[in-house]
Amino acid sequence: MPVLDIELTAPQTVQGQRAAYQSLWLLVRLCQASQLSGGAGVLRLAELRQQFADTRSLRMLVSRAYRDFARWGVRAGWGDDAGRDPRFLNPAGRSQGPFWLAQAEAAQLRLLVEGRPATPSEVADFLGQERLDAEAGMASVRGVDFWLALAAAQQDLRQGHLLARLDAQGLASQRGALAGFKAAGVLAEAGLQQALAALGEASVWRRLDDLGAARQTLSQLRRALKDGGAGESGYLDAMEQILSAWVAWGQREAGQAEAILAGMRAAEPRASVVRHHPRIRFEWYNLSALISRARVLNGQGPDLALRRQEAASALDYFGRALEAAFEFGSFDAAQQVAANIGMAIWLFAGEGLCGEPASAGPEALRWLLLSEWLCRCAGGGQSAWNAIYLMRIARGQCPRQAEPSRAAFHAYQTISPADIHRQAGALPWIEAEALLPASWLTLAESLLAELAEGRARYSLLQRCGLWLEHAWYAAHAGQDAAAQASLQRLAQEMHGLPLSDRAYFQSCCRQLPLLHTTPAT
């Protein structure tokens, strides 16, 4: 490859021929990025937009520059994979960047100032880059208002304060996490700050079950990362992928969620982030385990050995997620996994996939009680999922007859909270009795009261689970009116669930005795 002489002083030339300033600036910047990073540097669209803010069309600027590159015999690339051969890249997405120059290509460019090799500072002067000094360092840490807003929003998210709380006059007494992250986004001064705010907002939308809004916010996050870069750690990029997978899973698009997770482990640098960042590793394994668990329980084929192998894989994934949760010191993350492990053990045992029910039941209960203890230690109060799981296990040995008679239904024998405590056995350092309610109906009533009074916020799936458990235990206690009210609420809310979840609740409703009226499903 011949050496290409580039004169930086006006009038700028390439091999002695006049060159368009915009094209030359882009080439020199790519050359600088490549040389400073050993061939790994890229130019983001945000920097190009900032440099040529008065340009009407960046697409036209980029197209013209790449035509000039071709005329000069330079092969510059674009897109996220800097290892691709530029000859095989699709020009359709070229204008979005990022732009890069392979190290071998950059080595053939000779940057000159009045015929002699240009110094790094002269290259920076040509590019219009500011010199690093103490004032520039101070500028990079200014903008404390953004960090104040972000910290307040993250604290609201940790405490479950997702939306604004109103006082008696209807005024917001507490802003809530959603408004907080939006405010932080307004104050953001750079792409990565915008990405942090968008990441928080997407997390809130997911917790609120508005998966459409979550996906829209994630697209904003992707744009912010594309413009500003994913940062040295790659955490924001990986969390965008994780949240996208969770949103897909929430809509029961298991194939899409699994494809996103598989893609993260298939290519660098995301694969390294999954391996080395405990928070990302926790999310990756926890969701992978849930997908595997669903696949095991939905299996209808005759190959029992294959389902048992998949069940073992799911439990292994849960175990790795638990290790990661304790690695980064999050009791909240650990309690989520502990609850998932307990329920998986119980469900697998019932399908003949994991041990015997007689021994698996107590083991599952120990995991659920550990989860409840961790949840309360983390300041989250009582866990709705643990309550739902325990109530479901307590009635798990009852017949599943369609529309049983009231006499038959009232004769069903459930496991009492005292029996749960006895079956779980001794739990060192944990007072299990304090974690269990006086009765299952009391537990369901207390959680629904917190929901009605605005003291707790549950996801749609959690609300439906609580309505079902309350209806079951109220009907079992002969409180038909209370059971019927919960069934009506369940019928209203379950229509927002994915079809597979809706089918589960419809099946459970048919296992209750006929009350005053039958809820529409």
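Analyst: Helix 7 covers residues 144-158, where a helix is a DSSP run of H or I with at least four residues, numbered from the N terminus. Its 15 residues should span 21 Å at 1.5 Å a residue, and the end C-alpha atoms are 21 Å apart, so the two agree; the expected span is 1.5 Å times one less than the number of residues. This is a predicted model, in which local features need pLDDT of at least 70, side-chain atom pairs count only at pLDDT 80 or more, and totals for chains, interfaces and linings use all residues. Residues are numbered from 1 along each chain as its sequence is written, and side-chain values use heavy atoms, leaving out hydrogens and water.

Now look at the sides of the helix. F146, A149, L150, A153, D156 and L157 are the buried residues of helix 7 (buried means under 20% relative accessible area, exposed over 50%, partly exposed in between, with a 1.4 Å probe and protein chains only). Down the helix axis, these buried residues fall within an arc of 125°, so they line one face of helix 7; the arc is taken from the directions from the axis to the C-beta atoms. On the face turned away from that buried side sit the exposed residues V144, L148 and R158. After helix 7 comes G160, with a positive phi near 80°.

Of its 521 residues, 46% are buried.

How values were computed: Helix = DSSP H or I, 4+ residues; strand = E, 2+ residues; numbered from the N terminus.
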